[in-house]
Amino acid sequence: MVGVLGVTVLASATAVSGDAVEAAESRSFITSDGARLHYLEAGPAEGQTVLFVPGWTMPGWIFQAQIDALSDRFHVLALDPRGQGESEVTRFGYTHERRGRDIGELIDHAATGRVVLVGWSLGVLDTLAWVAGAGDDRVAGLVLIDNSIGEEPAPRAAGGDRPAGPAALTETERHDRRAAFVASMFARDPGADYRVRLTDQALRMAPEDERRLLAYDVPREYWRAAVHSTDRPVLYVVRPRWRAQGENLVRTHADARMDVFEDAGHALFVDEAERFNRLLIDFLDGPVAARETVH
């Protein structure tokens, strides 16, 4: 274990994050800078590890349907990034370098061999930050969900993917805006209870730290270079907004493919869970398994 001072903490397998993920164990570890990070773990330890990294302010249990679908065969981890889910709300570490290092330290702590990283939204950037800093020795494949990856064309501003408005809000205004942001992530309403639970967990971080996460101070070419720094299989799963970037990725990367969800919301793996799960399992059983067999 490199740079991690972690001790695993076990909890009931039937009471994780408000009963959101019944098949997973609740665990935590301590990062090299002293933060306690929470994650979910399910499936056989000897299986291919698949690590899910959620988006801005979101908890790992948003990948409930994927944990349920994969955990019979695969070793599944779902991270609560610092300040999110049940992880410690630190007052430090909200940079792309540190968030990427957190992913790497969880891999060192909880996984053996190479890992398939599944990043969604801000989790795409955090995942690529780790690859940019650490290389791809521990990478079996990348699944990048619904965010720009630095390819052309550059994105134009679009409503719904990020909260808008002034930095200084009352608590009521902040709650209402976050609730609207959560609702906007879905094309198919997952239900009021689900949205309330997600909204409550999405408000744990200090507003100034939330804003830091929306303004990583690197040129967009940094993310493209990270994707192209590895020849491991890449799956880019997006809405039509990112189709052109995906076409350029497939054209210029040696082992990349794209799938476009035409009618889903930003949380497309929730809106169309069965389709996404089939796509992910096909990627694991196909390109990833083929490359791992060679290695």
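Visitor: Are Trp61 and Tyr194 buried or exposed?

Guide: Please note at the outset that this is a predicted model. Both Trp61 and Tyr194 are buried. The word is used for a residue under 20% relative accessible area.

Visitor: What makes Trp56 and Phe181 an edge-to-face pair?

Guide: Two values decide the matter. The ring centres of Trp56 and Phe181 lie 5.4 Å apart, and the planes stand at 80°. Trp56 is in the loop between strand S3 (49-53) and helix H1 (64-70), whereas Phe181 is in helix H4, 125 residues away. Both of these residues are buried.

Visitor: Which values describe the aromatic pair of Trp61 and Tyr194?

Guide: The centres of Trp61 and Tyr194 are 5.6 Å apart with 90° between the planes, and the pair is edge-to-face. Trp61 belongs to the loop between S3 and H1, and Tyr194 to helix H5 (residues 192-201), so that 133 residues separate them. The face of Trp61 also has a neighbour: Arg197 lies over it, at 4.4 Å from the ring centre.

Visitor: How many aromatic pairs are found in the whole structure?

Guide: The search finds eleven aromatic pairs. Ring pairs also link Phe52, Phe63, Trp120, Phe269 and Phe276 into a cluster.

Visitor: Why is the contact between Arg27 and Glu41 called a salt bridge?

Guide: The closest N and O atoms of Arg27 and Glu41 are 2.4 Å apart. The limit for a salt bridge is 4 Å, so the contact between Arg27 and Glu41 qualifies. Arg27 lies in strand S1 (residues 25-30) and Glu41 in strand S2 (residues 36-42), so the bridge ties together parts that are 14 residues apart in sequence. Arg27, at 17% relative accessibility, counts as buried, and Glu41 is buried at 15%.

Visitor: What joins strand S2 to other strands?

Guide: S1 and S2 pair in the antiparallel sense over six bridges, and Ser28 stands opposite His38 in S2. The hairpin of S1 and S2 has five residues between the strands, and there Gly34 takes a positive phi near 90°. Five bridges join S2 to strand S4 (residues 75-80), also in the antiparallel sense, and Leu40 stands opposite Ala78 in S4.

Visitor: Why is S2 described as largely enclosed?

Guide: Six of its seven residues are buried, so S2 is largely enclosed by the rest of the structure.

Visitor: How do you know that Arg224 is partly exposed while Glu151 is buried?

Guide: Glu151 has 4%, and counts as buried. The two form a salt bridge, with the closest N and O atoms 3.0 Å apart. Arg224 is in helix H7 (residues 221-228) and Glu151 in the loop between strand S6 (139-145) and helix H4 (171-184), so the pair ties together parts that are 73 residues apart in sequence.

Visitor: How many salt bridges does a search of the whole structure find?

Guide: The search finds 29 salt bridges. Asp136, Asp231, Arg232, Asp255, Arg257 and Arg291 are linked in a network of them. Glu272 and Arg275 meet in another salt bridge, at 3.4 Å from N to O. Glu272 is buried at 17%, whereas Arg275 is partly exposed at 28%. Arg275 also lies over the face of Phe261, at 3.7 Å from the ring centre.

Visitor: How do you know that the length of helix H10 agrees with expectation?

Guide: At 1.5 Å a residue, the 22 residues of H10 (residues 273-294) should span 32 Å, and the end C-alpha atoms are 30 Å apart, which agrees. The helix has a kink of about 40°, centred on Val288. Val288 is also buried, as are other residues of H10, including Ala273, Phe276 and Arg291.

Conventions
Residues numbered from 1 in each chain as written. Predicted model: local features only at pLDDT ≥ 70, side-chain atom pairs only at ≥ 80, totals over all residues. Heavy atoms only, no water. Salt bridge = Lys/Arg side-chain N within 4 Å of Asp/Glu carboxyl O. Helix = DSSP H or I, 4+ residues; strand = E, 2+ residues; numbered from the N terminus. Buried < 20%, exposed > 50% of the residue type's maximum accessible area, 1.4 Å probe, protein only. Expected span 1.5 Å × (residues − 1). Bend = angle between axes of the 7 residues up to and from the residue. Phe/Tyr/Trp six-rings, centres within 6.5 Å; stacked < 30°, edge-to-face > 60°. Lys NZ or Arg CZ within 6 Å of the ring centre and 35° of its normal. Pairing = 2+ DSSP bridges.
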